[in-house]
Amino acid sequence: MLDMKEIEWAIGQLERQESSFAAYSKLADLYVIRDQNSGEKGRAEPAPAQPAAPLGRYGGSEFLQAAAGKNPEALWPILDELMDTVQTLHPRIYQSVMRKILEE
């Protein structure tokens, strides 16, 4: 019978080691063993959040795919920080984007 304390100890040891494929491989096995023995076996994965509008309506860029279905209140501060950075590093691009937004 597997001792869960030993499994947790081994996971902790491997997580503190230097990254390597062998360590990650062992960790993956130990995570599966831990999860299967902790009653999470057969647990349904939550359904991914659906975007408010189909992606095709706006495009399929990497950015839009990452943002799809996310809470807009969480995204606005990230985009605001990005625009501050663009304003500092590339003022002409910043002004161009602002002009497009104001024209909408």
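Modeller: One term before that: a helix axis here is a line fitted to C-alpha atoms over the stretch in contact, and angles between N-to-C directions run from 0 to 180 degrees. Also, this is a predicted model.

Colleague: Fine. At roughly what angle do the axes of H1 and H2 cross?

Modeller: Roughly 150°. H1 covers residues 4–16 and H2 covers residues 21–37, and their axes come within 10 Å.

Colleague: So what do you call that, parallel or antiparallel?

Modeller: Angles over 145 degrees count as roughly antiparallel, and therefore H1 and H2 are roughly antiparallel to each other.

Colleague: Left-handed or right-handed crossing?

Modeller: H1 passes H2 in a left-handed crossing.

Colleague: Which residues in H1 and H2 meet?

Modeller: From H1, Met4, Ile7, Glu8, Ala10, Ile11, Leu14 and Glu15. They meet Ala23, Lys26, Leu27, Leu30, Tyr31, Ile33, Arg34 and Asn37 in H2.

Colleague: And by class, how many are nonpolar, polar and charged?

Modeller: The contact of H1 with H2 has ten nonpolar residues, four charged and one polar.

Colleague: Change of topic. How many helices and strands are in the protein?

Modeller: Six helices and zero strands. Read from the N terminus, the order is α-α-α-α-α-α.

Colleague: What share of the residues is buried?

Modeller: Of the 104 residues in the protein, 13% are buried.

Colleague: And what does the accessible surface come to?

Modeller: About 9,100 Å², with 57% of that belonging to carbon and sulfur atoms.

Colleague: Last one: what about contacts between residues 24 or more positions apart?

Modeller: Those account for 19% of the contacts with a separation of 6 or more.

Notes:
Residues are numbered from 1 along each chain as its sequence is written. This is a predicted model: local features need pLDDT of at least 70, side-chain atom pairs count only at pLDDT 80 or more; totals for chains, interfaces and linings use all residues. Side-chain values use heavy atoms; hydrogens and water are left out. Helices (H or I, at least four residues) and strands (E, at least two) are DSSP runs, numbered from the N terminus. Angles under 35 degrees count as roughly parallel, over 145 as roughly antiparallel, 65 to 115 as roughly perpendicular and the rest as oblique. A crossing is left-handed if the near helix is turned anticlockwise from the far one by less than a right angle, and right-handed if clockwise. Contact means heavy atoms within 4.5 Å. Ala, Val, Leu, Ile, Met, Phe, Trp, Tyr, Cys and Pro count as nonpolar, Asp, Glu, Lys and Arg as charged, and the others, Gly among them, as polar. Buried means under 20% relative accessible area, exposed over 50%, partly exposed in between (1.4 Å probe, protein chains only). Accessible areas come from the Shrake-Rupley method with a 1.4 Å probe; for residues, only the protein chains shown count as cover.
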